[in-house]
Amino acid sequence: MPDPVFSDVKVSKFVNHLMYDGKKNTAYTIFYSALDMVKAKMNSEEPVLDIWKKALENITPQVEVKSRRVGGATFQVPTEIRPDRKESISMKNLILYARKRGGKTMADKLAAEIMDAYNNQGGAFKRKEDMHKMAEANRAFAHFRF
């Protein structure tokens, strides 16, 4: 189902990841207030939903490593990620690093993480870069892909 304000399915998925204990209204409140903070701080003529989508796009990984046992050794094999999993990983990383952040409310923390991701900074962006570095380092084992 699309969300009530933007009529976007992606927003609903994000709010579902953000939600704790079935408290969807609380999660929507946090998300929308975070977007309001982003709008106030960024002073951009770009719509706030586009800023959020660009931030998600910036932290979306293209490849990941999976452990694969061959012989007696375990190899970290780089594999491409399915599009639906890419979206899910980026949303979960954004929320995870927003929760780890210091700040007053979850809306403050989420707004700060969205702005950092939009500017190619922050914990979630660093996580994506680390995933790509790990895949690049283990590129020699790509022929073990299953």
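Rings of Phe, Tyr and Trp (its six-membered ring) form a pair if their centres lie within 6.5 Å; planes under 30 degrees apart are stacked, over 60 edge-to-face, and the rest tilted. The model examined here is predicted, so local features need pLDDT of at least 70 and side-chain atom pairs pLDDT 80 or more, while totals for chains, interfaces and linings use all residues. Residues are numbered from 1 along each chain as its sequence is written, and side-chain values use heavy atoms, without hydrogens and water.

**Exercise 1. Determine how many aromatic pairs the whole structure holds, and classify the pair of Phe6 and Tyr32.**

Step 1. Phe6 belongs to the segment before H1 and Tyr32 to helix H2, so the pair ties together parts 26 residues apart in sequence. Helices are DSSP runs (H or I, at least four residues), numbered from the N terminus.

Step 2. Burial is judged by relative accessible area (buried under 20%, exposed over 50%, partly exposed in between; 1.4 Å probe, protein chains only). Phe6, at 28%, is partly exposed, whereas Tyr32, at 17%, is buried.

**Exercise 2. Classify the pair of Phe31 and Trp52, and state where its two residues lie.**

Step 1. The centres of Phe31 and Trp52 are 5.3 Å apart with 75° between the planes, and the pair is edge-to-face.

Step 2. Phe31 is in helix H2 and Trp52 in helix H3, so the pair joins parts 21 residues apart in sequence.

Step 3. Phe31 has 0% relative accessibility and is buried; Trp52 likewise has 0% and is buried.

**Exercise 3. Describe how helix H1 (residues 9–18) crosses helix H4 (residues 83–100).**

Step 1. The axes, which are lines fitted to C-alpha atoms over the stretch in contact, with angles from 0 to 180 degrees between N-to-C directions, come within 10 Å and cross at roughly 45°.

Step 2. That angle makes H1 oblique to H4 (under 35 degrees is roughly parallel, over 145 roughly antiparallel, 65 to 115 roughly perpendicular, and the rest oblique).

Step 3. Contact means heavy atoms within 4.5 Å. Among the contact residues are Phe14 and Leu18 of H1 and Met91 and Ile95 of H4.
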